[in-house]
Amino acid sequence: MNTRIKALRKALDLTQQEFAKKIGSSQNTLANYEIGRRNPSSSVINNICKTFNVNEVWFRTGNGEMFNQSSPDEEASNYVKELLNDWENPFYGMIVDMMKTYQMLDEKSKEVIQDFFRKVKDSRTVSAAPLPTVEEAEADYIKNVLGSAQSTDSAISSSTEDAKKVSGE
């Protein structure tokens with residue numbers, strides 16, 4: 001089990017400190033689990049599986065997939081739970097306020113908001129063109145700025161030539 005705990009932590013890209021904090025343990029205790037000095041209790045195993053959506057059969061035996069397969073709705077629900085359990089997240093208060101406000105709305109207002117988000121979602125799936133990279137966006141910006149500058153230079157030069165013709169120079 002010690003190698004699976006470490007493999008799970010690495011798969012989640014968490015430090016021992018971060019992993020331990022999420023399961024309500026200390027970094028030292030987790031280190032002891034990972035080196036095989038101690039085995040986690042059943043309640044710790046259940047907590048790890050629940051917290052990280054880990055397949056308990058895999059966690060206990062090594063058989064099967066590391067993570068439970070989730071539907072898109074379950075994944076979204078887990079994401080919201082994770083956000084709401086992270087009080088240090090700068091968006092925590094805003095998310096809670098939005099949820100409370102939404103719950104106080106009448107049904108027609110909720111339908112309007114749902115329709116808005118459906119349209120946002122649909123526009124994202126319809127748009128097949130990938131977003132440009134930072135380098136592509138910078139190159140496009142520079143091209144547009146230089147193009148504008150060249151157009152301005154050309155217009156100034158043209159105006160100067162016209163003025164010379166009018167004055168007879």
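Hi everyone. A quick word on the ground rules: residues are numbered from 1 along each chain as its sequence is written, and side-chain values use heavy atoms, with hydrogens and water left out. Because the model is predicted, local features need pLDDT of at least 70 and side-chain atom pairs count only at pLDDT 80 or more, while totals for chains, interfaces and linings use all residues.

Let's start with the pockets. A pocket here is an open set of points on a 1 Å grid over the protein atoms alone, where a 1.4 Å probe fits, with protein on both sides within 12 Å along at least five of seven lines; lining residues have an atom within 4 Å of a point. Volume is the space filled by probe spheres set on the points, which are joined across faces, edges and corners.

The largest pocket holds about 970 Å³ of space. Its lining has 25 residues, and Lys22, Thr51, Phe52, Asn78 and Glu82 lie nearest the centre. Helices H2 (16–22), H4 (42–52) and H6 (72–84) each supply at least two lining residues; helices are DSSP runs of H or I, at least four residues, numbered from the N terminus. H6 gives the largest share, six residues.

What classes of residue make up that lining? Eight are nonpolar, eight polar and nine charged. Here Ala, Val, Leu, Ile, Met, Phe, Trp, Tyr, Cys and Pro count as nonpolar, Asp, Glu, Lys and Arg as charged, and the others, Gly among them, as polar.

The second largest pocket has a volume of about 480 Å³. It is lined by 14 residues, with Val80, Ile95, Met98, Met99 and Phe117 closest to its centre. H6 again provides the largest share, six residues. By class, this lining has 12 nonpolar, one polar and one charged residues.

Now, the rings. There are three aromatic pairs, meaning rings of Phe, Tyr or Trp (its six-membered ring) with centres within 6.5 Å; planes under 30 degrees apart are stacked, over 60 edge-to-face and the rest tilted. One of them is Phe19 with Phe52, stacked at 4.7 Å centre to centre and 20 degrees between the planes. Phe19 is in helix H2 and Phe52 in helix H4, so this pair ties together parts 33 residues apart in sequence. Phe19 counts as buried at 0% relative accessibility, and Phe52 does too at 11%; buried means under 20% relative accessible area with a 1.4 Å probe, protein chains only. Phe116 and Phe117 form an edge-to-face pair, 5.1 Å centre to centre with 75 degrees between the planes.

Conventions
Buried < 20%, exposed > 50% of the residue type's maximum accessible area, 1.4 Å probe, protein only.
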